[in-house]
Amino acid sequence: MNERPDVVSLQKISKEFGRGEVVALSGIDLNVRPGEFVSLIGPSGCGKSTLLRIIGDLIAPSAGEVVVNGKSAHQARLDRDYGIVFQDAVLYDWRTVAKNISLPLEMLGWDRRRRAERVRELVELVELGGFERHHPWQLSGGMQQRVSIARALSFEPSLLLMDEPFGALDEMTRERLNMELLRIWEASGSTVVFVTHSISEAVFLSTRVVVMSPRPGRITGILEIDLPQPRNADTREQPRFFELVTQVRDTLRAGGADSADIPEEELIAAEEGL
Amino acid sequence: MSTAVVQPVPRGSLTRMVGRRARDWAPAVVVFALGIGAWEGLVRALGIERFLLPPLSDIVQTFWEQRETFVDAGLFTFKEALGGFLIGSGAAIVCALLLARWRALGGALMPYAIAANAVPIIAFAPITNNWFGILSPASKMAIAAVICFFPVMVNTLRGLTSVRPESIELMRSYAAGDVEIFRRVRIPNSLPYVFTGLKVATVLAMIAAIVGDYFGGSQEALGILIRRSAGIFAFDQAWAAILVASVLGILFYAAVALVERLAMSWHPSMRGARAE
């Protein structure tokens with residue numbers, strides 16, 4: 001397994017917004033191995049969403065090197081090496097569930113029959129059978145997010161980038177989708193980089209948790225999560241689970257986990273000129 | 001007055017659907033009937049002078065007796081309005097696409113567009129009469145086109161640019177270029193805004209064409225007919241012409257609303273409540 005090159009390799013990444021007024025990230029080194037589930041956790045303003053976008057070549061780092069699947073992040077984006085899921089499902093209202101899922105496939109030039117076949121598999125995978133012809137606004141938040149995940153998986157990218165995908169959902173829906181995500185991750189064998197601010201979610205899902213601190217955003221600790229696979233409802237009851245949760249919390253505190261002043265989304269939007 | 005308890009009608013059977021439709025429309029129909037009744041009744045009961053407000057029945061009768069004249073005049077002016085609407089809205093949509101694509105251009109031009117939007121364009125009607133010929137429909141089309149331009153342009157531009165950042169990020173994650181982002185995200189996203197602009201423009205186009213006629217035009221034009229009738233105290237004729245203008249305006253608006261419905265059948269506002 002260690003023969004294969006890292007899926008993501010970050011070296012000395014830093015990011016400044018504006019004219020150096022806000023240092024969002026500083027000296028980030030991180031390698032993600034194939035098949036890993038890595039969570040980035042930290043208080044708002046620690047640059048975790050920014051880091052995810054740098055991996056996805058949606059914003060450029062101020063300094064440092066990003067390598068994805070052995071090539072530049074830019075080339076990896078052009079090669080559609082990753083699928084991305086945001087906090088909001090970001091579904092297109094004018095497309096049905098099936099057409100939202102098949103959007104990337106359309107853009108890849110798949111023919112109609114192949115798309116329909118793939119959509120059928122995915123709808124089954126995310127358990128949305130019967131809703132193919134619904135429009136996004138007819139679905140609950142949890143269902144919308146499952147569509148978004150199916151869309152990200154549709155073209156079988158080797159890397160899945162997830163930016164607080166369950167952050168806007170209620171606790172029960174979130175836990176159910178956590179289970180589903182793990183099932184999908186195991187079935188697809190892809191690599192996941194997952195941004196969250198929920199400690200228990202990070203511990204439950206991940207093989208490694210990367211703890212970040214704000215202003216400037218930097219990595220203050222990386223914890224191996226040695227809970228047995230596959231994870232299930234009992235995982236959350238194990239003493240080891242609680243130990244790890246405590247460890248993550250202590251690492252967050254040690255890093256000075258007070259929240260920052262400027263919302264990160266605003267900085268990102270300004271940077272991308274959106 | 002009996003009090004009816006309105007039960008929610010389940011989807012499904014056609015008769016029930018029709019029943020629900022009828023119930024939805026009933027209040028509006030009642031108001032319409034009451035309005036007509038009040039007009040007719042009050043005008044007669046209070047003995048209002050005919051030159052102030054003729055009874056509705058007289059207006060309808062006048063219309064019917066000279067229906068060909070009225071319909072021809074209405075269509076003549078409607079064509080002026082429609083021509084201006086198509087030219088103005090078309091140009092507006094093209095401009096909005098260019099401004100959305102090249103933001104710097106938008107930054108340079110938008111202040112002037114907004115300033116121009118505040119200009120009472122109808123004031124230029126005598127000038128366009130001078131430019132395009134007082135009898136030519138082109139002079140009215142020109143004024144209608146300019147009036148239609150701004151609401152359509154401003155709304156379309158807003159629709160093209162008010163896209164959630166993540167929508168664009170998602171497209172970029174699929175390596176989409178600008179053209180593809182326009183085609184797949186910005187343009188569909190703009191449709192509700194575009195139609196809002198177009199619906200406003202239908203009303204403005206009719207106003208522009210009729211008021212344009214007031215400043216002089218072909219003897220066949222509706223605005224001329226209204227002005228001439230009022231000038232010779234034939235107020236029932238003037239009112240009949242106004243009725244024609246109103247009906248055409250409403251039909252014009254409804255036609256665009258229908259296209260909107262067809263083009264945006266996906267939109268929540270075009271459906272009932274959430275289907276859960």
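This is a predicted model: local features need pLDDT of at least 70, side-chain atom pairs count only at pLDDT 80 or more; totals for chains, interfaces and linings use all residues.
Visitor: What makes H1 of chain A largely enclosed?
Guide: Count its residues: eight of the eight in helix H1 (residues 48-55) of chain A are buried, so the helix is largely enclosed by the rest of the structure. Buried here takes 20 or more other C-beta atoms within 10 Å of a residue's own. The residues that pass include Lys48(A), Arg53(A) and Ile55(A). After H1(A) comes Asp57(A), with a positive phi near 60°.

Visitor: What makes the largest nonpolar core a core, and which residues have the most contacts inside it?
Guide: The term asks for buried residues of the nonpolar kinds, joined through C-beta atoms within 7 Å. The largest such set has 79 residues, and Ile41(A), Ile55(A), Leu161(A), Val193(A) and Val248(A) have the most contacts inside it. Helix H6 (residues 141-153) of chain A gives the most to this core, six residues. There is also a second, separate core of 54 residues, with Phe70(B), Ala92(B), Val146(B) and Val244(B) among them.

Visitor: Which residues is Leu161(A) in contact with, beyond its neighbours within four places in sequence?
Guide: Contact means C-beta atoms within 7 Å. With those neighbours set aside, Leu161(A) touches Leu52(A), Ile55(A), Gly56(A), Tyr82(A), Ile84(A) and Val193(A).

Visitor: Why are S6 and S10 of chain A said to stand at the edges?
Guide: Look at the strand order first: six strands of chain A make an open sheet, S6-S7-S8-S3-S9-S10, with mixed pairing. S6 and strand S10 (218-224) of chain A each have a single partner strand, so one side of each is left without a neighbour in the sheet. Neighbouring strands here are turned by 15° against each other on average, direction ignored. H6(A) packs on this sheet, touching S6 and S7 of chain A, and its direction makes about 170° with that of S6(A).

Visitor: How do you know that S3 and S9 of chain A pair?
Guide: Pairing needs at least two bridges. Strand S3 (residues 37-41) and strand S9 (residues 208-213) of chain A are joined by four, and they run parallel. For one of the residues, Ile41(A), the bridge partner in S9(A) is Val211(A).

Visitor: And what about S4 and S5 of chain A: how many bridges do they have?
Guide: Two bridges, in the antiparallel sense, join strand S4 (residues 63-68) of chain A to S5(A). Val68(A) stands opposite Lys71(A) in S5(A). These strands belong to an open antiparallel sheet of four, S2-S1-S4-S5 of chain A, where strand S2 (22-32) and strand S5 (71-72) are the edge strands, each pairing on one side only.

Visitor: What makes up the contact between the two domains of chain A?
Guide: The assignment gives domain 1 (1-81 + 159-274) and domain 2 (84-156), with C-alpha centres 24 Å apart. Domain 1 of chain A puts 17 residues into the contact and domain 2 of chain A puts in 13. H7(A) gives the most to the domain 1 side, five residues. By class, that side has nine nonpolar, four polar and four charged residues.

Technical notes. Residues are numbered from 1 along each chain as its sequence is written. Chains are lettered from A and ligands numbered from 1 in the order in which they are written. A residue is buried if 20 or more other C-beta atoms lie within 10 Å of its own, exposed if 12 or fewer, and partly exposed in between; C-beta atoms are placed from the backbone. Domain bounds come from an automatic or database domain assignment. Ala, Val, Leu, Ile, Met, Phe, Trp, Tyr, Cys and Pro count as nonpolar, Asp, Glu, Lys and Arg as charged, and the others, Gly among them, as polar. Axes are lines fitted to C-alpha atoms, for helices over the stretch in contact, and angles run from 0 to 180 degrees between N-to-C directions.
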